[in-house]
Each structure stands twice: as C-alpha cells, then as structure tokens.
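Biologist: Let us go through this structure by question and answer. Where should we begin?

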Amino acid sequence: MNTHATFFNEHQRATVEAAMARIIPSDDTPGAREARTVDFVDRYLSGIDYIYALPDGTGFEQLEGRRAAAWQQRVDLARSKYVVGIAELDRLCLEQHRSQFVDLEEHEQDEMLRRIERAGSPEAERAWRDTPAIAYGGPVEPALQQTNAEADMDFFNLLVTHTRQGFLADPIYGGNKDQLGWQVIGFPGPAGLAEVHTGRYSTLDYFADNRIHRGQEDNDDQQA
Amino acid sequence: MTSKPDRVDAVIIGAGASGAAAAKVLTERGLRVVALEKGPWRTKESFGGDELANVNRYNLWPDPILNPRTSRTSPDVAAEIDPFCPVPQMVGGGTVHWQGWLPRFTPNDFRLRTVAGDLPGTTLADWPISYEELEPYYDAVEWAFGVSGQAGANHFEGPRRRGYPCPPMPQSRYAEKFHDGCAKLGWNSFPTPQAALSRPFNGRPATVVSAFAQQHGDPTGTRSSALNVFIPDALATGRYELRPESYVRELVLDDRGRVKAAVYEDAAGVVFEQEADVFLLACGAVETARLMLMSTSARFPRGLANGNDLVGRNVTFHEYSASVATFDDPIYAWAGGGYVSASSFQFYEHDASRGFVSGGHIAAAGVGIPLPINWGLPGKPTWGAEAKQVDRDYFNHSMAVAMVLHDMPQHDNRVDLDDTVVDAWGLPVARITLTPHENDLAQGRFLVDRCGEILEAAGGKDVTKVYAEKVTGNCSHQHGTARMGDDPDTSVTDRHCRTHEVDNLFIVDGSPFPTATGANPTLTIMANAWRVAEFIVTSKGNR
C-alpha cells in the first residue's frame, strides 16, 4: 500500500496549505500547518484507498462494488471542486492584487477567502451584509444531529470542512499530526484506534465527581 | 431464473430493532423464521472509535449516493434529493449506533385525541391499545436489554410492575448540570433510562463508557442493542436464518389475496422468492411504506393493503432541537459520547393552558455530536482566528438541553414513491412530502425556551436557542405510515398490527403508531413488536 498517495501538483498543494493556515491559523498553539491538514486532504483526494481506516488501526478497508463506485464518484466531485476552486481563487487574486494566492500577505489572503466564501453562498453573503463582524463562515445554524453532505458544499465550505477534519480526525488519516489538533482543543483522545477497539479507552474519569444522580440515593428502595 | 428456498413459518423483512425483537419471540416460541435484511451483517470487530468514518463518511449511515431519498414541503413544488430521516440499513438497524434513550410513553400518549380533543388540520387519533396492554412488553424489553434507569424517578411515568434491571448509568457532568437547573426551577428530572449496562447483567459485562458512542458502533459489544441482544437470542434457538444483503423488492400475492412470497435480490443480483405462512414488515416507517407501495397487483393497484390510500400518510418524524450554553467549569460533553444523560417529562403531558397540544421529552446532551470534528456552537464563525479561539474556550465548556418535538399527524404529510429518482438498484426511492403544523412550531418554541431556562438556572452563559423552524427528519425517528386502528376506513392495520386487507401481513416497526408522542420511540417499537409476535404465535392455530 502506498501510504504517500497524493493528488495535488506542487502549486495546488502550496495554495491549499496556505489557505488552510488561514482557516485554522497558528498562534501560541499549533494550527493547520503544523497538524499537516494538507496531507489529510491530499490523501483523501488520491483515490478511494483511504476512506475507512480499519477499526483496529492496522490499515484501510478496500472498498468494493457499489460502495467503491459511490466513493469514486464523491472523490471525483471533490477533486474537480478543488481544481476549479484553486484556479478561480488565483484568478481573483491576480485580478485584485496581481499575485497568486500563495504570494499574498495574510490579511490579503483572509480578504480573498472571505470573497470566495460570500460568492459561493447566498446565506453567507446575507449574513456578511447583516452582521459582518461575527456571521461569516458556513451555515449560520449548525446541524444539531447529522452533518451536512459534502456533495452540497462549494469549494470554500469544502475547504473549511476538510481543514477541520484534517485537524481533528484520528491521525491515521494523515492529519492531526501527533494529535496536535486534539491538544489544542483539549480532547484526551485515545492513543490510537486500537485502544478503542480493544475497549481500553474510557472517559469515565471525565464524569461528575458524584457519579450518583441527584435523588438516586433516596429512591434506591424503589429498585427491584 | 428465480430460486425458491424452502418455505418457512414466518419471513421478517428487516433485522433492526423491531425485526430482531420479533425474531427473538417467534423463534423462542418455536417458529422457523427467515429474516431478509437489505444491509450487511456487521459484527463488533468491524466497529471503532473513528469520528470521521462514522459521523462524516457514511460508514454506518446510508450512503446517499446509493440510497437517496427526496423531500419537498408541499405537493406543488419539486422534490429534491435529501437524505431525509436516515437510519443505518444493516443487521441491528439504528440500534447499532445509538446511545439508546429508552423512556416509556405515558398512559395519555395512547389516548391523546381524547385528552386534547380535535386539533384542526391534523388527524390526531387515540391508539387502539392502551399503556396497560403494552406494559408487560415494556417490562420484557427492559429486562432483556438490561436497561439502566431508576423506577419512580420520572414522576410522569405510568405504573410499572417492577423497577429497572440495572441502576442508572454514572452521572455525567452535563447530566449533573441538568439536574441542578431543574431542581432550581422546581421541575422533576430523572436519569435517562439507557440501553447500556451500569453493571454486569445476564452474563454481559458493564458497558465501556467511550467518547465514541453516539453514531458509532460498539467494538466492545457491551452496549444494549438489537445486534447485541435479540439477534444472538434468536440465533441460539437454531430456528432463525438471517440473510443479510437480501433486498426485498416486492411482496407477491396468492390467488386468495394473501401474501405468498417475498421477492428479493442477493448481493450477487440473484433473485429469490421466499414463501412463508406470515410476513412481518420491519423496515422502518419510511422503507416499509415504500415496499408496500412498490408491491402493486391487480388486487392492490395502489400498493399492498392500501385500498384506502392511507399507506405512507400521517407520517411523523419528531424533530430534535436545543438550547445551548457555555459554562465556566468544564462539562466534558464528549464523556460517554454526549448522551449519558438526565431527562425531564415536566413539559411532556398535554396542558391546554399552553395553547398547543402535547409536549415532549427534554434532556441533557452534548452540542450536536460533541466530538472534535463535529462540535460547534450555533452562530459562531467556522474559520479564522476567532473560530479557533471558540474551539479552545468552549469545546470542553458547553452543552445542550434538547427536546424531542411531538409533531402532529396530518393526512397530507406522507411518504410515497418518487417518480424520477431511483436507488443504486434501480428502484424508486421514498419521497417525503411534509409541512409542519403550526402546533409543531409553537410546541417547539415552548420546549426550546424551557431548555434555555434549565441552562440558565444551572449557571449557563450565552444561552442560545435554536428553534425548530421545520421538520428535517434529524432524529431518525419515523412513525405513522400504516397507522393502527379499529376502523378499516381510517387505518391500515388493526390493533394487532395486522393489515385490515391482508390477514397474513403484519407491521412491527413504527409504521402503525397513530401518533409520534414526544418520546424516543424505539423502546415502544420493540415492546410493540414483542406484543405482535406473541399474538402471531398464540393465534397461529386459529387461522
């Protein structure tokens, strides 16, 4: 198995890496650049060999039949959004600043990312007009249960989604290097997938100090 | 060329919560059963702690490219592809990846039409069965599963013959906040009855409390589910043949108008005709209606047992929405997966003074799926320095108080077959047509406001209310598409969940539920499947 499978050419990769570094910037804690989120998305777009990690962490599932066809379709769609999206971003940057995205200052990069965000989404455009200080970024109301389908996202929202996934998914997928993303937000994740698979990973230490529910002691006589 | 396996006593279509419960009862009572399950038969070794795969990449959720649905808000607009109200399609069904909140319905749930009266625009109806009739089966499921809970703690619960088999699950920090808030407000709260083992039970070890629980399969096999409990029980009888990846396309009739066989396709595309004495539909309320509507014949041109055009109508889905807040002290809402919770039925029962019908279950939870990738606060930026700061400040310091909205049944809210979109097998997909009733929206606002008050009373800051403005199917709960009743003109099945028009066809999932109620339905779905299976066994000699 080729564990370094990639999709981007050098320029595409540098552009995506630079954009991701604005989506989760590095400050006093690591950001997308240090967590290698670009490796995560480059591997995702490489084909369908890295869609599902084996749950014991020993490798990846080999997809077959209809599942493989569905994932090939999904990856192909994402590839085209990246290729077209990167080219369009550069075209806008050249028009505005006479430089490609990677050569802009960070504040200029932020401005250009906000521009493609607003262009791709009437909702974001509206939110930006109404309350530009706070309302940028994706759907205004996040789904409370199920996540949005990737197929419906434009390039910018796909990029934001993949940056977050690359920062915070299990490191087996190529990002979240050394669990840096988990450390930044304070998630005590498992050492690896095997720790969950074998049942050694427990979060009981993070329950309430009093493990007994309020009123439970008084009612124990009602238990059969 | 169609193969014909040996005829059996019963065919159950679906091996999820209801199909597996019915299989356990039928096989333990001596019937030979074949189960035809559309999806794969996955075992615990195939599950893991992988948020990306399970929440974001359809490892367990249906892949919308292969199994699309469509939805629209009225018959006048075009339906769009939408993974509306998905449920894992595999052995164990939704119970594979749930956290299993298992409250009982209350006695008034079975007579809400009598309690609340007529509500214009709805088809509100009493159930043909009572809480008392179902109570023995609630007890049976709770003790088969080893449900962890506390009898008497929910002051609004109906009478029960005995307590829960296991004490409540350990108290999470979000459950503690919920109890604190309710106590300050003088509202009753209780540990959420849960499909998990707080202690070893029936030869099974206590449940491992992982963060990867809600929307994740259980690699330890220690949670309680159809896959971990009912399927092994049925297999142990030696009378249960479970055929995964067997997609039933149609039920065909004999010359007396009874179901003769289920026609299904296996993974290799080979078509089989499985004959049996009785047939049980257990596909979930959306897919069961779809299969009935696909099964047209000269006798039933509008679909099987659908002479009165009610199959697929009166569909209800609940809606899950919440208030969310941040706290100074850590909540760690991912601990236990975000749903090892506490609940309240304080606003569950109907109260005419509120100006709307019925109410719903309120409970503590993480914000959405409170795991690293999918956590997020409503109204906050999703990228840039500020977004990163929100992640650092609040990932461990936020929680939700959520509600289950009791949406009203309406004649024109329905599941039917899409006339253009087909699935990966070339079969027409389910199309959902749904407009929320004003009662749904008013009730949702009221409940989300109460959720916010609990958070405020518990010391929550920056309380944000996310009202349910529409019904999106985000609970995976589904009911009503073949409602049960005593009158064949206004219902699809009788009180035994046998279709009025076809006497060897039973429906054991949520389809027969005349109302959705405001509580998580799967305990009641399993209890009702158990009840129907017992009826099938005891009435078998009389047909």
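Modeller: With a definition: two strands pair if DSSP finds at least two bridges between them. Bear in mind that this is a predicted model.

Biologist: What is the order of the open sheet of four strands in chain B?

Modeller: The pairing in this sheet of chain B is mixed. Strand 4 (80–81) and strand 14 (414–422) of chain B each have a single partner strand, so they stand at the edges, with one side of each left without a neighbour in the sheet. The order is 4-3-15-14.

Biologist: Which strands of chain B stand at the edges of the open sheet of six strands?

Modeller: That sheet of chain B has the order 5-11-12-13-10-16, with antiparallel pairing. A strand at the edge has a single partner strand, so one side is left without a neighbour in the sheet; in chain B this holds for strand 5 (190–191) and strand 16 (461–466).

Biologist: What is the bridge partner of B:Ser321 in strand 13 of chain B?

Modeller: Strand 10 and strand 13 (residues 398–404) of chain B run antiparallel and are joined by seven bridges. In strand 13 of chain B, the partner of B:Ser321 is B:Met403.

Biologist: At what angle does helix 9 of chain B run to strand 10 of chain B?

Modeller: Helix 9 (residues 438–457) of chain B lies across strands 10, 12, 13 and 16 of chain B. Its angle to strand 10 of chain B is about 25°.

Biologist: Is helix 7 of chain A largely enclosed or open?

Modeller: Helix 7 (residues 155–168) of chain A should span 20 Å at 1.5 Å a residue, and its end C-alpha atoms are 20 Å apart, which agrees. Of its 14 residues, 14 are buried, so helix 7 of chain A is largely enclosed by the rest of the structure.

Biologist: How does helix 5 of chain A lie relative to helix 7 of chain A: parallel, perpendicular or oblique?

Modeller: The axes of helix 5 (residues 106–120) and helix 7 of chain A come within 8 Å and cross at roughly 120°. That angle makes helix 5 of chain A, relative to helix 7 of chain A, oblique.

Biologist: How many residues does chain A bring to the contact with chain B?

Modeller: Chain B contributes 71 residues. Its side has 38 nonpolar, 23 polar and ten charged residues. From chain A the count is 64 residues.

Technical notes:
Residues numbered from 1 in each chain as written. Chains lettered and ligands numbered in written order. Predicted model: local features only at pLDDT ≥ 70, side-chain atom pairs only at ≥ 80, totals over all residues. Contact = placed C-beta atoms within 7 Å. Nonpolar A, V, L, I, M, F, W, Y, C, P; charged D, E, K, R; others polar. Helix = DSSP H or I, 4+ residues; strand = E, 2+ residues; numbered from the N terminus. Axes fitted to C-alpha atoms, helices over the stretch in contact; angles between N-to-C directions. Expected span 1.5 Å × (residues − 1). Buried ≥ 20, exposed ≤ 12 C-beta atoms within 10 Å, placed from the backbone. Parallel < 35°, antiparallel > 145°, perpendicular 65-115°, else oblique.
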